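Student: Hi, could you walk me through this model? I'd like to start with helix packing and then look at rings.

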Amino acid sequence: MTCLPGEVRLEPLNRAYLKQLAKTLVAIHQLPVPEARYQYAPYVTKRTVPFWAVQKEMWQRAVAEPPATSQQVRFIHRDFHPVNVLYESAEKYNVVDWISGCVGPIEADVAHCRLNLVLLESVEAADQFLAEYIAYSGFSYDRKWDLTAVFDFEPDTLNVYPGWKAYGKANISQGNVRERMENIVLKVYENDESGY
């Protein structure tokens with residue numbers, strides 16, 4: 001990060017911020033798909049109910065859910081979230097941490113960013129980001145991808161990411177992130193139609 005200009009901004013996670021974040025991800029997904037390419041794979045293939053879960057029945061349903069599929073395979077960042085975007089100004093920014101970049105479903109990027117926004121702030125912030133992403137890209141999104149992101153985070157070992165505190169989000173606790181992660185799982189099944 002010291003090789004590129006700009007700074008991480010985690011406040012305020014308002015509509016303007018989320019709109020810029022969505023535009024950035026859409027721009028990544030519009031890049032050409034490289035010839036020689038790494039292929040996407042989920043980080044975790046075995047899903048388990050976290051020991052701290054309150055809504056255990058909902059988690060059991062999520063564990064049994066088949067992985068979501070995608071017909072929207074592009075070049076993806078694979079670790080896109082607010083800490084990996086450096087802002088020079090409102091319109092000028094740089095994206096860092098490309099080590100996991102690969103060819104894969106765009107939903108993996110969207111879901112990973114959404115989960116980070118949930119843990120940082122709320123499901124509402126993640127939903128606003130999704131609405132902006134869909135508006136800019138025209139792509140659809142199955143909220144079951146949120147479950148892939150949740151299990152990729154290995155919920156049993158979930159804790160507060162130190163980078164959040166380092167960049168000013170000091171009011172987040174382990175209890176916050178666990179509750180917020182459970183909220184996104186509940187949101188998938190909110191209307192019993194994968195969140196729609």
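**Helix packing and ring pairs**

Tutor: Helix α3 (residues 106-120) and helix α4 (residues 123-137) have axes that come within 7 Å and cross at roughly 150 degrees. That makes α3 roughly antiparallel to α4 (angles over 145 degrees count as roughly antiparallel). This is a predicted model, where local features need pLDDT of at least 70, side-chain atom pairs count only at pLDDT 80 or more, and totals for chains, interfaces and linings use all residues. Residues are numbered from 1 along each chain as its sequence is written, and side-chain values use heavy atoms, leaving out hydrogens and water.

Student: Which residues in α3 and α4 meet?

Tutor: Among them are Ile106, Val110 and Leu117 in α3, and Phe129, Leu130 and Tyr133 in α4; contact means heavy atoms within 4.5 Å. The residues of this contact divide into eleven nonpolar, no polar and two charged.

Student: Switching to rings: how many aromatic pairs are there?

Tutor: Seven, counting Phe, Tyr and Trp (its six-membered ring) rings with centres within 6.5 Å. Tyr17 sits in helix α1 (residues 15-29) and Tyr87 in strand β2 (residues 85-87), 70 residues apart.

Student: Is Tyr17 buried or exposed?

Tutor: Tyr17 is buried, at 8% relative accessible area, and Tyr87 is buried at 5%. Buried means under 20%, exposed over 50%, and partly exposed in between (1.4 Å probe, protein chains only).

Student: Which residues do ring pairs link into a cluster?

Tutor: Tyr17, Tyr87 and Tyr93.

Key:
Axes are lines fitted to C-alpha atoms, for helices over the stretch in contact, and angles run from 0 to 180 degrees between N-to-C directions. Helices (H or I, at least four residues) and strands (E, at least two) are DSSP runs, numbered from the N terminus. Angles under 35 degrees count as roughly parallel, over 145 as roughly antiparallel, 65 to 115 as roughly perpendicular and the rest as oblique. Ala, Val, Leu, Ile, Met, Phe, Trp, Tyr, Cys and Pro count as nonpolar, Asp, Glu, Lys and Arg as charged, and the others, Gly among them, as polar. Rings of Phe, Tyr and Trp (its six-membered ring) pair if their centres lie within 6.5 Å; planes under 30 degrees apart count as stacked, over 60 as edge-to-face and the rest as tilted.
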